[in-house]
Amino acid sequence: MSDLRPLPLEVWQQIFGYLAVRDLKTALRVCHDWCQLIVGTTSLINRMQLRISRETTLDHRSSGIRFVLARKVCLFKTKILSVDPWWPALGALLNDLDLRECQLVVPTLLVMLRQSPNLVRLTLDKVQYLELEDAVAADFQLNRLEYLSLGMTNGPRIVDVLRPACPALKSFAFSARESVPSEREVIELVRGVQGTLEELFVPINAVGRALLAMDRLKLRAVNLNRVEPEIILDVCRMQPDLQILDVRVSRLDDSQLCEIGQLLPNLRQLITNLDGIQHQEPRFLSAMPTLEQLIVSPGGRDFQQIESLGDFQCRKLKSLQLSWVILHSEEDAWKLLNRSRNIETLKLQECVFPQWSKFVDGLNALRSLKRLTLNTVTVSNWTNSARWVVNDSTKCLRLWNLQIPKAQLVQLLSAFPALEELHLCHMPVVDDGVVLELPRLFPRLRRLLIWECSNWKASLRHVSEHLPALVVLKYKFGPVTVRGMQLRAQRYDLRRGKFDWCENIMAKLYGLFGYYN
């Protein structure tokens, strides 16, 4: 039995708060006092998750699950045949249930929800609902449920089934895949919770029209994709308190975006495309002085061509993400960076611009930059006449499929000596020489991912031995032949202190590495 008395309870809670989830689970089994402390501390027990990410069948033989202490359950590709006797004890603790690509009958789903009275978040993504046509609507209410997200494959009637159980939703999200719930079902659900709803992410044109008739609706965030520009403007007039707006509409031009900025004085996040501003310089940023995050994405794979991002001063802009954008101006493409110096996150994906040196000038101006991602960026002229300025604020750098000359890559890496996380993926220029320099360049590096580059085993062993702060090292090589055996991937396990080899079995590859974010 451990004695907790020598230290105040708040100190113990702070100590346990530094533990990783895996170590926290171990601490649960040390003694009764530690278990009670962790279970009784909301911030600690909320980190506990039950995650089943294999093709598994759950039935009456899964009774051992009921002894799991978890606030969140995430089931992936799981077939749920029965929830008795293991679900009641588990469901009573839950505040977050996430089912993805699972199979179950609707009555079983309703039993799970009924026995989870404290549920706050519910996600049903690509779930195959069996026997849905004969299902009846829920006859209970989840009064604490605030967040509902649906991504459907079959079974559009699930909205009608769940609607009575959701009396006080604050956020409702729906993503269409192979089938779409009827407009009537979604509108009825939104109308029933308009007194509490704050976030609505349902890209259906008829729903946008229906919002105009809901006078009790006070939205903070809304997705109006696939909605006509005129309706978007009407919704903005009725919802002046909107802070997050997603309007990737092909016919939305620059003047309409400017009007949106004038209608929404508190707009903080805008997701849009530039299809209506092709071969121009957008002016709408001048009408959005409170904007903190701008995401430019076409929603597809068609390039958007503009002259530059404009020459505006966005003092509050902290995050800028551009996808599938071609910038034509050689001199003014990145003036926005020079005048928006509070940007902390910059992400470019599938972008094209003419001058690397002008981009370097823009990066040098971002003294608060913390995260930089360059994914499949094409540059016409890599010649760098600009001088890099060292930035100690940047902690995360992710480079994917970047056809950058080696000299420019070394300059780029050298500009961020305080990095704690580095991703180098699909970059042939990253060889053993580059990798061997990493310990000198980044003494505080904690996470390193190298994915299909040109380096080899010895350089990674050197990195693992000369980076004392490194806790995560993940990598994948292209197929190579060693001693007559074709190998597909490796990883270095920092805990066991040795290299693991994985034969050419692609089915095991993602199980070996998991997600690398």
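How close do the axes of helix 10 and helix 11 come, and at what angle do they cross? The close-up views below take up this question and others in a predicted model, in which local features need pLDDT of at least 70 and side-chain atom pairs count only at pLDDT 80 or more, while totals for chains, interfaces and linings use all residues. Residues are numbered from 1 along each chain as its sequence is written, and side-chain values use heavy atoms, with hydrogens and water left out.

**View 1. Helix 10 (residues 229-238) beside helix 11 (residues 254-263).** The two axes come within 9 Å and cross at roughly 10°, where axes are lines fitted to C-alpha atoms, for helices over the stretch in contact, and angles run from 0 to 180 degrees between N-to-C directions. Helices here are DSSP runs of H or I with at least four residues, and strands are runs of E with at least two, numbered from the N terminus. Helix 10 and helix 11 are therefore roughly parallel to each other, since angles under 35 degrees count as roughly parallel, over 145 as roughly antiparallel, 65 to 115 as roughly perpendicular and the rest as oblique. The contact (heavy atoms within 4.5 Å) is made by P229, I232, L233, C236 and R237 of helix 10 together with Q256, E259, I260 and L263 of helix 11. By class, this contact of helix 10 with helix 11 has 6 nonpolar, 1 polar and 2 charged residues, where Ala, Val, Leu, Ile, Met, Phe, Trp, Tyr, Cys and Pro count as nonpolar, Asp, Glu, Lys and Arg as charged, and the others, Gly among them, as polar.

**View 2. Helix 2 (residues 21-28) packed against helix 3 (residues 32-39).** These helices pack at an angle of about 130°, with their axes 8 Å apart, and helix 2 and helix 3 are therefore oblique to each other. On the side of helix 2 the contact is made by L24, A27 and L28, and on the side of helix 3 by W34, C35, I38 and V39. The residues of this contact divide into 7 nonpolar, no polar and no charged.

**View 3. D160 and its salt bridges with R163 and R184.** A salt bridge is a side-chain nitrogen of Lys or Arg within 4 Å of a carboxyl oxygen of Asp or Glu, and the structure holds 21 of them. D160 pairs with R163, the closest N and O atoms being 2.8 Å apart, and D160 also pairs with R184, with the closest N and O atoms 2.8 Å apart. The second pair links distant parts of the chain, because D160 lies in helix 7 (residues 158-162) and R184 in helix 8 (residues 183-192), 24 residues apart. D160 counts as buried at 13% relative accessibility, where buried means under 20% relative accessible area, exposed over 50% and partly exposed in between (1.4 Å probe, protein chains only). R163 is partly exposed at 28%, as is R184 at 46%.

**View 4. The salt bridge between D246 and R248.** The side chains of these residues meet at 2.7 Å, N to O. D246 is buried, with a relative accessible area of 6%, whereas R248 is partly exposed, with 27%.

**View 5. D96 in strand 5 (residues 96-100).** At 10% relative accessibility, D96 counts as buried. Leaving aside residues up to four places away in sequence, D96 touches R71, K72, V73, L119 and R121.
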